[in-house]
Amino acid sequence: MPIDHPAPVADRAGTSQKLLSIDARRRIFLYLGVLVTLLAFGAPHGGLIEIPLSFLLKNKMLLNADELSIFRLLAAAPLYVSFIFGFIRDTWNPFGLQDRGYMLIFGSTGAILYGAFALMPLSYGTLLGALLLLTSAFLFVSSAQNGLSSVIGQQHAMPGQISAAWSIFGSVPVVAAFLAGGVISDALEARNADQAVRLLFLFGAAVMATIAVYSTWRPGAVFDNIAAEQETGRRPLDDLKRLMRHWPIYPALMIWTLWNFAPGSVTPLQYYLQDTLHAKDAQWGQWNAIFAASFIPTFVVFGLFCQRTPLQSLLWWGTLVAVPQLVPLLFIHSVSGALLAAVPIGLMGGVATAAYLDLIIRSCPRGLQGTTLMLSASVAFVATRFGDVLGAKLYQHYGDFTVCVIAITIAYALILPTLLLVPKHLIATTDGQETEPGSAPLE
């Protein structure tokens with residue numbers, strides 16, 4: 001049950017935690033929710049930008065599935081080293097503003113870059129260069145949001161609630177972006193490619209500028225309740241060694257890697273729906289929107305149960321339900337059937353996604369939350385992009401999407417034995433509950 005009044009408890013590192021009132025938590029969720037929403041709309045690799053660009057590459061530049069997956073692989077290069085951006089966040093305090101400093105500096109940088117590339121003529125190389133620079137600027141802002149969310153979750157014994165709120169707020173703009181992205185792609189068919197990209201990039205510039213302005217707001221409920229964790233005079237090399245010696249992050253990252261690998265769930269599925277089932281651009285966006293929206297009810301379920309049920313149970317049940325997640329795609333033979341199948345597919349993945357994020361937040365070593373969360377982003381993007389390349393090769397070789405579903409199901413099934421490697425003390429508690437006496441600390 002939610003706790004209405006602040007009360008001290010022992011945290012997992014042996015210091016003191018303060019459980020916040022419901023009102024304070026709501027203010028935190030609102031602040032983080034707006035930030036997560038803006039980031040979801042402004043991401044160069046997000047639905048609103050990525051879907052129209054994928055169709056421009058497919059329909060205007062005539063890239064096949066393998067070539068498009070390779071472009072995505074190259075354009076995502078900064079995402080593979082996201083942990084570097086997180087480590088910078090954990091060791092550098094710009095203007096003394098901490099996370100708000102990153103939002104101000106790199107929100108403004110992202111807006112300028114979006115605006116500059118909106119004025120340039122389109123080519124494969126220009127588009128690739130734009131995405132590399134834009135993603136790099138974006139990751140600094142993302143590392144601030146990731147680190148801030150993780151610190152709040154740890155210090156106030158609410159990693160599950162943060163995970164649920166983060167997932168819900170992150171899903172809403174993704175749904176809107178996928179819907180708008182597909183519609184925008186259809187609407188831009190009448191325009192030339194340069195005009196299409198210019199409109200997309202100008203929108204991105206507006207979003208990133210809004211993030212820079214948002215950084216000037218400093219709500220006390222969010223920032224006054226955060227205890228400093230960075231020691232003066234500490235050496236970055238010592239921090240890296242401490243991170244490498246921190247065992248809990250390894251099984252958490254292994255699980256997150258397997259969950260995001262999913263060979264065939266992006267490019268091959270897009271080509272399967274469009275080339276085999278003859279879906280339109282907007283319908284591909286609708287499929288992704290329905291899929292993302294269907295996660296939300298089970299995110300809510302997780303947010304309620306995480307305050308009553310130990311994370312260990314939620315991890316196991318969420319994974320068991322998620323293993324056959326893509327199997328419904330084996331039984332579809334029409335676009336309408338695919339849109340219907342997106343509902344159970346999304347529902348089956350919600351609890352697992354939120355539980356894995358909760359586990360990552362709990363696994364963060366103190367003072368290195370930004371590094372750890374961005375490291376999880378790195379492995380997720382590496383797994384996603386290389387899984388996409390493998391899936392595209394399987395799809396083109398066999399000419400059948402069934403092989404992709406089999407590969408995805410095998411990857412998900414491997415999560416079950418990996419759960420046995422997670423330290424038991426880490427997942428034995430609910431949100432707001434102190435660890436059992438004698439349990440090992442996080443570090």
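**Figure 1. Ser 82 and its contacts.** Setting aside neighbours within four places in sequence, Ser 82 touches Leu 139, Met 374, Ala 377, Ser 378 and Phe 381 in this predicted model. Ser 82 belongs to helix 5, which covers residues 82–91. The relative accessible area of Ser 82 is 0%, so this serine counts as buried.

**Figure 2. The whole protein chain.** The chain contains 22 helices and two strands. It has 443 residues, and 58% of them count as buried. Take the contacts between residues at least 6 apart in sequence: 84% of these join residues at least 24 apart.

**Figure 3. Helix 18, residues 350–363.** Helix 18 has 14 residues. At 1.5 Å a residue, they should span 20 Å. The end C-alpha atoms are 20 Å apart, which agrees with that expectation. Is helix 18 enclosed by the rest of the structure or open? Of its 14 residues, 14 are buried, so helix 18 is largely enclosed by the rest of the structure.

Figure 4. Arg 362 and Asp 431 meet through their side chains in a salt bridge, with an N to O distance of 4.0 Å. The pair links distant parts of the chain. Arg 362 sits in helix 18, while Asp 431 sits in the segment after helix 22 (424–427). Arg 362 is buried at 3% relative accessible area. Asp 431 is buried at 8%.

**Figure 5. The salt-bridge network of Arg 89, Asp 90 and Asp 99.** Salt bridges with shared partners join Arg 89, Asp 90 and Asp 99 into one network. Within it, Asp 90 pairs with Arg 89. Their closest N and O atoms are 2.7 Å apart. Asp 90 is buried, with a relative accessible area of 0%. Arg 89 also counts as buried, at 11% relative accessibility. In total, the structure holds seven salt bridges.

Figure 6. Arg 242 forms a salt bridge with Asp 239. The closest N and O atoms of this pair are 3.2 Å apart. Both residues lie in helix 11. They are three residues apart, about one turn of the helix. Asp 239 is buried, at 5%.

**Figure 7. A nonpolar surface patch around Trp 247.** Met 244, Trp 247, Tyr 250, Met 254 and Leu 421 make a nonpolar surface patch. The patch covers about 500 Å². One of its members, Trp 247, is found in the loop between helix 11 (236–244) and helix 12 (249–261). Trp 247 has a relative accessible area of 43%, so this tryptophan counts as partly exposed.

Figure 8. Most residues other than glycine have a negative phi. Phe 95 lies in the loop between helix 5 and helix 6 (99–118). At 64% relative accessibility, Phe 95 counts as exposed. Gln 98 also has a positive phi, near 55°. Gln 98 too is placed in the loop between helix 5 and helix 6.

Figure 9. A disulfide is a covalent bond between the sulfur atoms of two cysteines. How many disulfides are counted in this structure? The count comes to zero, with a cut-off of 2.5 Å between the sulfur atoms. Cys 306 counts as buried, at 2% relative accessibility. Cys 364 is buried as well, with a relative accessible area of 0%.

Technical notes
Residues numbered from 1 in each chain as written. Predicted model: local features only at pLDDT ≥ 70, side-chain atom pairs only at ≥ 80, totals over all residues. Heavy atoms only, no water. Helix = DSSP H or I, 4+ residues; strand = E, 2+ residues; numbered from the N terminus. Buried < 20%, exposed > 50% of the residue type's maximum accessible area, 1.4 Å probe, protein only. Contact = heavy atoms within 4.5 Å. Expected span 1.5 Å × (residues − 1). Patch = residues over 30% accessible without salt bridge, like charges linked within 9 Å, V, L, I, M, F, W, Y side chains within 5 Å. Areas by Shrake-Rupley, 256 points an atom, 1.4 Å probe, with all protein chains shown as cover.
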